[in-house]
Amino acid sequence: MKHTSIAPYLAAAVAAAFCTLAPLAAAGPKDADKKPVKPATGITNEDYRLGNGDKLRIEVYKDPQLSQSAQVRPDGKITLPLIGDVEAAGLTPIELRDTITKSLKEYITSPTVTVIVVEATAAMAYVMGEVNHPGAVNLQAPLTVMQALAMAGGLKDFADAKNIRILREGPAGVVETIVFNYKNAMKSAGTPIYLRPGDTVVVPD
C-alpha cells in the first residue's frame, strides 16, 4: 500500500488560514465598535490686548511714508502721520488696525493696514483687599480671576466672596466694573474671566 504524505496539504491549509486572518488583524476592531474621537475642547482666552510700552509696527500697503514703528505711550496712545494720536492701549491689534484704517480713509483710497506686535511688555494685573498676599500678578501667560486669587494666597476668612469686583479701564479711560462671584466659580458655574493688563481685582470684606 502506497503512503501519501499529508505535509504538503497541512502547509497549504495553514497558509490559507494565515491569509484569511491577516487582513482582519490589520483592519483592527469592527467599525461598529469604533468610537469617534472628539477634539479636546476648552475655553479659549480672548485675544491679546495692547498695553502701555508695547512696541508695534504699523504697515500701510504700498505706502512706506505712512508705515511706522510705534510704541504705546504711558497715556495709552500712539502717534501716526496724517491722523495724529490714536488710542491703542486696551485694543486688540485687529481693533487698532480697523481704527487706523477708518481714519486713513479720509486721506487715501482703500488703505490696507497691518498691525504687528513687535515686542509686548510684561503685562501686570493687581489683586487687593481681603486676600492673604495682595499685590501684582504677571500676565505673561493667560490668567483667570480664579488663578490670580490663588496666586494671591486665597481669600481671607471674612472676605465677601460673592461680590468681588474687577476694575477694568476701557480705551476711552472709562473704568468698567465686573462683578465676580467666587463661590459660583468654585462650582464651575459660568465662563472663566481672563484678566487684562492693568485690571485690579478688589476683594471686599
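The model is predicted, so local features are reported only at pLDDT of at least 70 and side-chain atom pairs only at pLDDT 80 or more, while totals for chains, interfaces and linings use all residues. Residues are numbered from 1 along each chain as its sequence is written, and side-chain values use heavy atoms, with hydrogens and water left out.

The secondary structure comprises four helices and ten strands, taken as DSSP runs (H or I of at least four residues for helices, E of at least two for strands) numbered from the N terminus. From that terminus on, the order is α-β-β-β-β-α-β-β-β-α-β-β-α-β. Of the 205 residues in the chain, 27% are buried; here buried means under 20% relative accessible area, exposed over 50%, and partly exposed in between (1.4 Å probe, protein chains only). The chain exposes about 13800 Å², 57% of it supplied by carbon and sulfur atoms, with areas from the Shrake-Rupley method and a 1.4 Å probe, and only the protein chains shown counting as cover for residues.

Leu96, Ile100, Thr101 and Leu104 are the buried residues named in α2. They cover an arc of only 135 degrees around the axis, which puts them on the same side of α2; the arc is that of the directions from the helix axis to the C-beta atoms. An α-helix has 3.6 residues a turn, so residues three or four places apart point the same way. The cover over the buried residues of α2 includes β1 (55–60), β3 (77–80), β4 (84–87) and β5 (113–119).

The largest nonpolar core has 22 residues, and Val127, Leu149, Leu155, Leu195, Val201 and Val203 have the most contacts inside it. Such a core is a set of buried Ala, Val, Leu, Ile, Met, Phe, Trp, Tyr and Cys residues joined through side-chain atoms within 4.5 Å. At least two residues of this core come from each of β6 (124–129), α3 (145–151), β8 (164–169), β9 (175–180) and β10 (200–203), and α3 gives the most, with three. Apart from this core lies another, of 19 residues, among them Val72, Leu96, Val113 and Val115. Beyond neighbours within four places in sequence, Val201 contacts residues including Tyr126, Val127, Leu149, Ile164 and Leu195.

Arg168, in strand β8, counts as buried at 7% relative accessibility. A polar atom of the Arg168 side chain lies 3.1 Å from the backbone oxygen of Tyr194. Not counting residues up to four places away in sequence, Arg168 touches Val175, Glu176, Ile193, Tyr194 and Asp199, among others.

Most residues other than glycine have a negative phi. Lys62, not a glycine, has a positive phi of about 60 degrees; Lys62 lies in the loop between β1 and β2 (68–71) and is exposed, with a relative accessible area of 70%. Leu82, likewise not a glycine, has a positive phi of about 75 degrees. Leu82 sits in the loop between β3 and β4 and counts as partly exposed at 48% relative accessibility.

Conventions
Contact = heavy atoms within 4.5 Å. Polar contact = N/O pair within 3.5 Å; in protein donor to acceptor, adjacent residues only side chain to side chain.
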